[in-house]
Amino acid sequence: MTLFGLSFFVLASSFFFTVYSGPTGVHLRNMESFIQAVQQVEDSNPGLCPLALVRALRKIAGHDDEMTIHFLGASYSIAYAEVLEKAILNASSFSFFDKAIHHIVTDYGEERGVVLAPDGTTVALAPLLLGIETGLKAKVEGTPPVGMFPLTLGRRLGLSFLSLQDFPPSNRLGPNGCWDSVERPKLFKLSRPATLATDAVINGGMDGAILGMDYSNLPASEQPQALSEFLKGYYSYVLHEGQGLDDITSHVSPRRREISRSILEPLNLYSQVMETLALVWKLEKTEWIALDTGVGKAVKDGLQEFVNKFWVCPQIIPRCQWGAKAYQSTPIPLSLPVQFLYVHHTYEPSSPCLSFPNCSRNMRAMQRFHQEDRGWSDIGYSFVVGSDGYVYEGRGWNYLGTHTRGHNSIGYGVSIIGNYTAALPSHHAMDLLRHRLVQCAVDGGGLAANFTIQGHRQVVNYTSCPGDAFFSEIRSWEHFRE
């Protein structure tokens with residue numbers, strides 16, 4: 001089979017990826033609604049085991065493709081199938097399940113089968129539920145969670161790498177997108193044409209692997225927690241002022257990148273993806289050319305992009321997601337790579353933000369102040385770090401900011417929300433800036449490898465920014481220069 005034929009086959013054989021141009025549903029597409037619908041089914045079936053429920057949801061969504069059956073068995077063969085289907089059909093949530101789980105992308109760039117999580121990220125439900133089902137099956141049967149990587153991430157990644165191998169690696173994954181409303185999300189629009197592995201699909205795959213492994217690792221004597229409660233623990237956590245994510249020891253969604261990396265990085269990802277692709281070809285009775293060097297190169301290049309984008313780089317909440325107003329003039333491009341990273345604190349807002357809604361409000365308030373009171377074109381910072389576990393896009397990687405007078409053209413300005421005159425930001429927030437964002441900038445060509453870190457006060461005389469406590473801390477960081 002030629003690589004051209006291989007690419008055509010990959011596009012034609014994606015089980016979950018469908019182009020559809022029908023009418024848009026009217027139900028809210030958020031994780032809270034999904035969990036509430038799950039709980040409604042659980043309440044109507046006391047004693048319902050989570051494995052039976054996720055298998056019934058798989059049947060409702062029509063996800064019995066060859067690979068899923070290979071690892072998990074057919075959903076229609078389970079006990080309680082008729083009872084559960086009746087319970088779901090009788091529930092007011094049926095329409096939600098029917099439309100929310102099956103993953104499709106319309107010809108207008110709308111991605112469905114995804115929900116907005118409380119942390120502001122978007123998650124595809126299909127890979128999430130497949131990972132959970134894999135873990136529950138392993139727990140019930142007392143076996144290893146066989147198929148976890150192929151079902152959650154491996155299949156989608158491999159097919160995406162191959163289908164777009166003539167494109168730059170940066171275009172073989174993603175994209176992200178934005179919701180029509182974060183308060184009442186109904187429509188999620190992608191920022192560019194979709195690959196087979198959108199950001200939401202990868203988020204769902206990472207979450208599925210994490211939660212599936214959590215289920216499978218439960219002690220033999222411990223019964224699996226109800227699915228709705230299990231999901232609440234991961235997505236509906238509460239952070240406390242002063243610690244942020246520092247005092248959270250359980251698995252929660254803002255940590256998905258670091259946790260999934262700890263689970264999956266010890267595997268040989270290249271071998272895992274190649275084995276997954278070989279299985280796809282075998283199950284679909286299609287020729288597999290193991291010696292085709294083009295396949296191996298496409299997988300290697302794609303995995304490097306995956307690791308950089310989803311494990312090295314932090315999750316960056318895009319402007320449209322936090323509700324940014326438009327830039328008030330024409331953005332000025334930066335000449336990259338820049339040599340400096342200037343560290344700030346916001347001072348006002350003075351308290352760390354601990355949730356997506358709070359951080360988003362802070363971003364909008366700062367943008368409004370910078371545009372209306374200062375007369376700037378936009379929020380001044382390149383990026384802003386919250387204590388909710390995320391980085392928020394300001395001017396971004398490519399455009400001149402207004403953050404460090406006289407030095408805007410030669411560096412990025414990054415601020416952590418809060419007043420750090422007397423206290424430090426959370427360790428997690430500082431790590432996002434010191435290691436994750438910085439490495440992402442260097443690897444992406446935005447920041448020179450021999451860059452210099454400086455505090456705002458070092459180059460602008462009239463400010464104490466980034467606060468005495470925080471400035472004392474950054475003086476110990478690599479790349480800091482007096």
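At 0% relative accessibility, Phe470 counts as buried, where buried means under 20% relative accessible area, exposed over 50% and partly exposed in between, with a 1.4 Å probe and protein chains only. The model is a predicted one, so local features need pLDDT of at least 70, side-chain atom pairs count only at pLDDT 80 or more, and totals for chains, interfaces and linings use all residues. Residues are numbered from 1 along each chain as its sequence is written, and side-chain values use heavy atoms, with hydrogens and water left out.

Back to the rings. Rings of Phe, Tyr and Trp (for Trp, its six-membered ring) pair if their centres lie within 6.5 Å; planes under 30 degrees apart are called stacked, over 60 edge-to-face, and the rest tilted. That rule gives 11 aromatic pairs. One of them joins Tyr234 and Tyr235, whose ring centres are 4.8 Å apart with planes at 90 degrees, so this pair is edge-to-face. Tyr234 is buried at 1% relative accessible area, and Tyr235 is buried too, with a value of 1%. Phe470 pairs with Trp477, again edge-to-face, at 6.0 Å centre to centre and 70 degrees between the planes. Trp477 is buried, with a relative accessible area of 4%. Elsewhere, Phe306, Phe310 and Trp311 make up one aromatic cluster. A ring also meets a charge at Tyr270: the charged end of Lys300 sits over this ring, 5.3 Å from its centre (the criterion being NZ of Lys or CZ of Arg within 6 Å of the ring centre and within 35 degrees of the ring normal).

On to the charges. Side chains of opposite charge can pair when their charged atoms come close. With a salt bridge taken as a side-chain nitrogen of Lys or Arg within 4 Å of a carboxyl oxygen of Asp or Glu, a search of the whole structure turns up 16 of them. Arg112 bridges to Glu110, with the closest N and O atoms 2.9 Å apart, and both Arg112 and Glu110 are buried. Glu258 and Arg255 form another bridge, their closest N and O atoms being 2.7 Å apart. Here Glu258 is partly exposed at 31% relative accessibility, whereas Arg255 is buried at 15%. Glu482 and Arg475 also meet in a salt bridge, at 2.7 Å from N to O. Glu482 is exposed at 66% relative accessibility, and Arg475 is partly exposed at 45%. Salt bridges also link Arg55, Arg58, Asp64 and Glu133 in a network.

Next comes strand E9. Helices (H or I, at least four residues) and strands (E, at least two) are DSSP runs, numbered from the N terminus. Two strands count as paired if DSSP finds at least two bridges between them. E9 runs parallel to strand E13 (residues 447-455), with 5 bridges joining them, and Leu341 stands opposite Ile453 in E13. E9 is also parallel to strand E12 (residues 411-416), through 6 bridges; in this pairing Val343 stands opposite Val414.

The peptide bond from Leu336 to Pro337 is cis, with omega near 5 degrees, and Pro337 lies in the loop between helix H14 (319-322) and E9. The bond from Glu348 to Pro349 is cis as well, with omega near 0 degrees; Pro349 is in the loop between E9 and helix H15 (356-373). Tyr347 is found in the loop between E9 and H15 and has a positive phi of about 65 degrees although it is not a glycine. Tyr347 is partly exposed, at 48% relative accessibility. Another non-glycine residue with a positive phi is His479, at about 75 degrees, in the segment after helix H18 (468-474). His479 is partly exposed, with a relative accessible area of 27%.

Finally, the voids. A cavity is a set of points, on a 1 Å grid over the protein atoms alone, where a 1.4 Å probe fits but cannot get out; lining residues have an atom within 4 Å of a point. Grid points are joined across faces, edges and corners, and a volume is the space filled by probe spheres set on the points. The structure holds 6 cavities of 30 Å³ or more. The second largest cavity has a volume of about 100 Å³ and is lined by 15 residues, with Gly120, Thr121, Thr122, Asn176 and Gln315 nearest its centre. Helix H9 (199-216) and strand E8 (316-317) are the elements that give two or more residues to this lining, and H9 gives the most, with 3 residues.

Terms used: On a 1 Å grid over the protein atoms alone, a cavity is a set of points where a 1.4 Å probe fits but cannot get out, and a pocket is an open set with protein on both sides within 12 Å along at least five of seven lines; lining residues have an atom within 4 Å of a point.
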